[in-house]
Protein chains: 2
Amino acid sequence: MEALLKLLEGLEPDRPGVATGEDGGPAAGAGDETSEFGQLSAAHGPRLGIGLDSCVIPLRHGGLSLVQTTDFFYPLVEDPYMMGRIACANVLSDLYAMGITECDNMLMLLSLSQKMNEKEREQVMPLMIKGFRDAAEEGGTSVTGGQTVINPWIIIGGVATVVCQPNDFIMPDSAVPGDVLVLTKPLGTQVAVNAHQWLDLPDKWNKIKLVISKEEVEQAYQEAMLNMSTLNRTAASLMHKFNAHAATDITGFGILGHARNLAQQQRSEVAFVIHNLPIIAKMAAVSKACGNLFGLLQGTSSETSGGLLICLPREQAARFCAEMKASRQGPGVGVPGPDAGGEGQQAWIIGIVEKGNRCARIIDKPRIIEVPPRGTVSEGNNNSTSPPPPVQSPPVS
Amino acid sequence: MEALLKLLEGLEPDRPGVATGEDGGPAAGAGDETSEFGQLSAAHGPRLGIGLDSCVIPLRHGGLSLVQTTDFFYPLVEDPYMMGRIACANVLSDLYAMGITECDNMLMLLSLSQKMNEKEREQVMPLMIKGFRDAAEEGGTSVTGGQTVINPWIIIGGVATVVCQPNDFIMPDSAVPGDVLVLTKPLGTQVAVNAHQWLDLPDKWNKIKLVISKEEVEQAYQEAMLNMSTLNRTAASLMHKFNAHAATDITGFGILGHARNLAQQQRSEVAFVIHNLPIIAKMAAVSKACGNLFGLLQGTSSETSGGLLICLPREQAARFCAEMKASRQGPGVGVPGPDAGGEGQQAWIIGIVEKGNRCARIIDKPRIIEVPPRGTVSEGNNNSTSPPPPVQSPPVS
């Protein structure tokens, strides 16, 4: 759920706003969060306002809570169907970040572009809507309404709503020193999407062509699309099984921005330290070649519909990753991509929770884990496609 | 809630789509509805999908239903604060049309215009947000989140959500012959907004200057703003008290479009016949002077955040109107506009429900009720500012 905070701040001086990072902007799109954390009310259960990924509203009925989130943005991939899937996965992800696996209702927010003619609209919009609806169906919900307008730019997004019992969601505030940080999708979607656009822009392409081939750009782009359109639902389900202490999803503020937001919500005095950066293959090199334009290695590159960043008890993390990998992909669980072949999702232990003042940082020389496109064979001893072995666990400081 | 139907139709050939009228477009903005009516499920309570004003989703918990709606559009008045109020009133109106008086949560949808500079944004957006939040507060709810993007055009809207018990809402399907139709705000907002813009466009102004003065345009515009920003909450509350059989709110399809949509949802074989058209003073003349450009007298002129059109038992309607008029305006009830002076809202009996084939029409020469601006003294024998006297009740055919 996006940062209305900057705008609302001016109206509510008592609101503790702490938006770090910056908006991904129209190109990268994704919704972003801020870190105002709602008050806890013993009488009515937890309340989470304009804050992390979803708002949580205690209801007047039987201890139930309303959890909802909205996100909308502009297309960032060329395939309308995949764009629809990504938009829906991105909205649902805010629920999944709270360990919620069900969604009671989805509304779709759409604008048609006034720059498209009737024929273009007829070709593009139904595909985009179908992608959105298919992803909603995978999430066990359906689209029951929405709003459509005409606008200079295409907009797609949605509103996900669920009514929960107290045990259905995990408030993102219980990380403790000794936990580890797990990430469930690789980073680099913004770089991959931009590199793909640069194939047609000689000036831009010349800057990166020494470090990557056109085929590799295409592969990275496909991998990014696949990742962005994958639901974080399996991860949400496993958060309960493995006793997750807190989580958020990675979108516009990048891994570091969201890690910082999450750190600030914790009840214990903790700090998040990131040691490993799993990145779509070659995207680290591309980011370096264009002068760290994106801040990918600094953790500030926007992601769209990124993975969950989860604080897990150390002894549970390896099993969490193993079960992610073993999970059956398919309707209701994740995206059955053409390359997924029934395999689960990779997840990585990327850092640790230590004692600190509710901040987050990346170590000086983080280990870059090159994540090869799904369907390609892992090369040599690069074990990044296997369940995370002990060597990937950073030392407890 | 806007018509996604046309787009969704292509994907679901079995969906009975019946969108009448046309979208109000970006200028008039308002969300519009279609008339697919969801199936009734005895086990889980009524379900209303992409249909009338809100969707109704049976929940997994204790007979509760999730009712929600979304609407967003482009500014149509110059005052940012009033624009914010109008946008919020317009979203809430979809709940009020179902007789719902509470709202558990409001999300705000916003885009900043890329054409505004930083200073303009800082001046305009906080006012717009404040207006939205103030109206939400009047509706007894608050804004807990939302999404903001950058766009060529400013967008403002929201998502209203409530979890209801079965008695909290009135399904809009129970009109019977003998009912009368009541309307709770005058028509003509689109004409007033356009006429006001024409003050600065000589070509346009010349077409209407013979029938209206600049002062009258200004008054009509202020009256339109006041009406659009008035919550339909009092009407929603009185729907229960006076046993309303069905209702909808008047937005982008105009009075006739929405009357048709509502007629099509009825379980009984009924027809809606409209005899009276309460219209903001002089707007009928303006509409005629520019060649029925808007279709105001034909009932097809878009309205934004219009009144409720309610089917009431005939014997209850006059008392409904009287209580609307007597209702105390103020926070939690309606908009305490500078001219409202503690007075309630006007409502009019505008037509009848007779036996028919679920259609709606306006009689050949409807009576035009000129509604003077609030705060001005009613002239002569024009009794349109008084509670509707018997002469306003159309004869039962």
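Visitor: Which are the buried residues of helix 5 of chain B?

Guide: They are B:T189, B:Q190, B:V191, B:A192, B:V193, B:N194, B:A195, B:H196 and B:W198, where buried means under 20% relative accessible area, exposed means over 50%, and partly exposed lies in between, with a 1.4 Å probe and protein chains only. Before going on, note that this is a predicted model, in which local features need pLDDT of at least 70, side-chain atom pairs count only at pLDDT 80 or more, and totals for chains, interfaces and linings use all residues. Residues are numbered from 1 along each chain as its sequence is written, chains are lettered from A and ligands numbered from 1 in the order in which they are written, and side-chain values use heavy atoms, with hydrogens and water left out.

Visitor: Why is helix 5 of chain B described as largely enclosed?

Guide: Helix 5 of chain B covers residues 189-198, and nine of its 10 residues are buried, so the rest of the structure largely encloses it. Helices here are DSSP runs of H or I with at least four residues, strands are runs of E with at least two, and both are numbered from the N terminus.

Visitor: What is 7.7 Å from B:A195 in space, C-alpha to C-alpha?

Guide: That is B:W205, which is 10 residues apart from B:A195 in sequence. B:W205 has its place in helix 6 of chain B, residues 202-208, and with 10% relative accessibility it counts as buried.

Visitor: How many bridges join strand 8 to strand 11 in chain B, and do they run parallel or antiparallel?

Guide: Four bridges join strand 8 to strand 11, residues 308-312, and the two run antiparallel; strands pair if DSSP finds at least two bridges between them. Within this pairing, B:L183 stands opposite B:L309. Strand 8 is also joined by four bridges to strand 12 of chain B, residues 348-355, again in an antiparallel arrangement, and there B:V182 has B:I349 as its bridge partner.

Visitor: Switching topic, how many salt bridges does the structure hold?

Guide: Over all chains there are 16 salt bridges, each being a side-chain nitrogen of Lys or Arg within 4 Å of a carboxyl oxygen of Asp or Glu. One of them is formed by A:E102 with A:R233, whose closest N and O atoms are 3.3 Å apart. This pair links distant parts of the chain, 131 residues apart, with A:E102 in the loop between helix 3 (80-96) and strand 5 (105-113) of chain A and A:R233 in helix 8 (residues 233-241) of chain A.

Visitor: Are A:E102 and A:R233 buried or partly exposed?

Guide: A:E102 is partly exposed, at 34% relative accessible area, whereas A:R233 counts as buried at 11% relative accessibility.

Visitor: Which residue forms a salt bridge with A:K130?

Guide: It is A:D134, and the closest N and O atoms are 3.1 Å apart. A:D134 and A:K130 both belong to helix 4 of chain A, residues 118-138, and sit four residues apart, about one turn of the helix. An α-helix has 3.6 residues a turn, so residues three or four places apart point the same way.

Visitor: And what does A:E223 pair with?

Guide: A:E223 forms a salt bridge with A:R374, the closest N and O atoms being 3.5 Å apart. A:E223 lies in helix 7 of chain A and A:R374 in the segment after strand 13 (359-371) of chain A, so the pair ties together parts that are 151 residues apart in sequence. A:E223 is buried, with a relative accessible area of 5%.

Visitor: Back to chain B, what is phi of B:N243 near?

Guide: Phi of B:N243 is near 60°, a positive value in a residue other than glycine. B:N243 lies in the loop between helix 8 (233-241) and strand 9 of chain B, and is partly exposed, with a relative accessible area of 43%. B:R358 also has phi near 60°, a positive value in a residue other than glycine, and is found in the loop between strand 12 and strand 13 (359-371) of chain B.
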